Amino acid sequence: TCTTATHAAASSTVSVTNIDVLTGTLANGYAYSPMIDITAGDYFTCVLFGNGRIKCWGTNNSGYALLGSGSAAHATIPGFFEGLSRSVTSLSCGTSTCCAGDAGAVKCWGTNGGAFGDGTSTGSNSPVMAIGLSSGVLKVSTVGNITNAILQDGTMRNWSGAGATPTTVAGLSNGVSEAPPGSAQKCYIVS
């Protein structure tokens, strides 16, 4: 059980108490599918549940609907992120951007400094699909403006910076099983 998680930024404090990380049950008694992943950006946290749904909470400093509420407001209570299917299998949040593997596609939202992979640097309140990655994605990871996607065929795509689009990482023809966030110039786990 996570007993207290507090984020303080500027003039606001956001707290969440008593989250049972094994069952996904919140202190107020609401039960959800078990949590399968948890990720954090600057002053916010998102959880991926086994049923493919995402809940986010925290301080939203991005100016976009990063937490899924439809507004740029802070969220002291975890709320479902809307705008994705219920087939999310992978979730990763960076500074003020989140990317998800949604029904085999990569979709990102928040502040976009090139992390979306859509060829722009324009932020978005709703998920934007990365160019050329509408299917076949197993896992996504992002940190800052660097995003990696591992595909079903074991190859990896990577993109970073304003106007970037996904490109195949040379020398990794198959067997990539993990690509830690920010691993554009670092290491990968190959089976």
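**Cysteine pairs**

Modeller: Keep in mind that this is a predicted model. Let's begin with burial: at 0% relative accessibility, Cys46 counts as buried.

Colleague: Which cysteine does Cys46 form a disulfide with?
Modeller: A disulfide here needs two cysteine sulfur atoms within 2.5 Å. The sulfur of Cys46 has a partner sulfur 2.2 Å away, and that partner is Cys56.

Colleague: How many residues apart in sequence are the parts that this pair ties together?
Modeller: Cys46 and Cys56 form the disulfide. Cys46 sits in strand β4 (residues 44-49) and Cys56 in strand β5 (residues 54-58), so the link ties together parts separated in sequence by 10 residues.

Colleague: Is Cys93 buried or exposed?
Modeller: Cys93 is joined by a disulfide to Cys98, S to S 2.1 Å. Buried means under 20% relative accessible area. Cys93 comes in at 5% relative accessibility, so the label is buried.

Colleague: Is the disulfide of Cys99 and Cys108 right-handed or left-handed?
Modeller: The sulfur atoms of Cys99 and Cys108 are 2.1 Å apart, and the two form a disulfide. Their torsion about the S-S bond is about 110°, so this disulfide is right-handed.

Colleague: What pattern do the disulfides of the protein chain follow?
Modeller: The count comes to three disulfides. Cys46 pairs with Cys56, Cys93 with Cys98, and Cys99 with Cys108. With bonded cysteines counted along the chain, the pattern is 1-2, 3-4, 5-6.

Definitions and conventions: Residues numbered from 1 in each chain as written. Predicted model: local features only at pLDDT ≥ 70, side-chain atom pairs only at ≥ 80, totals over all residues. Heavy atoms only, no water. Helix = DSSP H or I, 4+ residues; strand = E, 2+ residues; numbered from the N terminus. Buried < 20%, exposed > 50% of the residue type's maximum accessible area, 1.4 Å probe, protein only.
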